[in-house]
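Have it open beside you as you read, and take the points one at a time.

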Amino acid sequence: MLDSYFPILILAGIAIVLALLLMTLSRILGPYRPNKHKLNPYESGMDPVGEARERYSISFYLVAMEFIVFDLEVVFIYPWAVRYLDLGLGTFISMMVFITILLIGLLYTLKKGTLDWDLKTNKI
Amino acid sequence: MIVYLFILLAVLAIGSALAMVINKNVVNSALFLVINMVSLAGIYLLLNAQFLAVIQILVYAGAIMVLFLFVIMLLNVEDEEKLFDKFRVKYFLAFILGAAVVGQIFYSIAGVTDMLPEISSNMAEIGTVEEAGDVLYTKYLLPFEMTAILLTAAVVGALMVAQYKIKKG
């Protein structure tokens, strides 16, 4: 059973080894003479101002929330897509009900202007 | 072979969890949590819970981590400061509670003789996508539909909280 996952293990192993190999090689072979100006983040020649992490608009968070909900919907659709031919029409209808409930939620948030990025019409 | 893989994944999970807690940079902690979740997915795979392993990577290492990083960016958390000097009693209580949990874990580990239980072919079938679908869309149909309402409530709730903040601010 687990033998079929062996190629994934090889792939992960090669990816990790390759990443470590490239990082160590560039560290060993490349010259590394840092100074204050080289390590500064580049902001079009200006001196950097403030932190790199600014506070973001809450609109991004709402988009992330939508993403999670539809990611979870996909998780429920996987087993259904594998089995819906065997389980018949009732399962198809129940999945459509599931999708419709989530669609109503999406339509509500669209109406409220979650995905509206224009500042003039953005109600958030 | 499986025992060595388990040891590798378990060490990776514990090491990344420790690194997550110890690290002072919040974003680095979040990235260590990704390593932790991926190694947990590997352990699920060793236990023949294949569907759960895929879900662990898709939902936890993907979607939940996106949410964590967004919360970090929204809150704009500074680097951690030492709290030891301020809350000495809290620190002491936390140490006792943590030690109790670790002791409980060691106590339950001590009772186990085999490293991994043998998985019969009957049990191995349960973790597949087909089996999960068969049970989910026949026996547990009502909880499945309830999940849709729960997810919709989550979205609407997040929207309400966001709009409330803006109106006040």
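1. Let us begin with Ala162(B), which sits in helix α7 of chain B; helices here are DSSP runs of H or I, at least four residues long, and strands are runs of E, at least two, numbered from the N terminus.

2. A word on the model and its labels. This is a predicted model, in which local features need pLDDT of at least 70 and side-chain atom pairs count only at pLDDT 80 or more, while totals for chains, interfaces and linings use all residues. Residues are numbered from 1 along each chain as its sequence is written, and chains are lettered from A and ligands numbered from 1 in the order in which they are written.

3. Now to where the chains meet. The contact involves 38 residues of chain B and 38 residues of chain A; two residues are in contact if their C-beta atoms, placed from the backbone, lie within 7 Å. On the side of chain B that touches chain A, two or more residues come from each of α3 (50-75), α6 (129-136) and α7 (141-168) of chain B. The most come from α7(B), with 16 residues.

4. Which residues of the largest nonpolar core touch the most other members? They are Met65(A), Ile68(A), Val69(A), Leu151(B) and Val155(B), out of 19 residues; such a core is a set of buried Ala, Val, Leu, Ile, Met, Phe, Trp, Tyr and Cys residues joined through C-beta atoms within 7 Å. At least two residues each are supplied by α3 (58-87) and α4 (89-112) of chain A and by α3 and α7 of chain B. The most come from α3(A), with eight residues. Val69(A) touches Leu102(A), Leu151(B), Ala154(B) and Val155(B), leaving aside residues up to four places away in sequence.

5. Finally, look at Asn48(B), in the loop between α2 (26-46) and α3 of chain B. Its phi is near 65°, a positive value in a residue other than glycine. Asn48(B) is partly exposed, because 19 other C-beta atoms lie within 10 Å.

Technical notes
A residue is buried if 20 or more other C-beta atoms lie within 10 Å of its own, exposed if 12 or fewer, and partly exposed in between; C-beta atoms are placed from the backbone.
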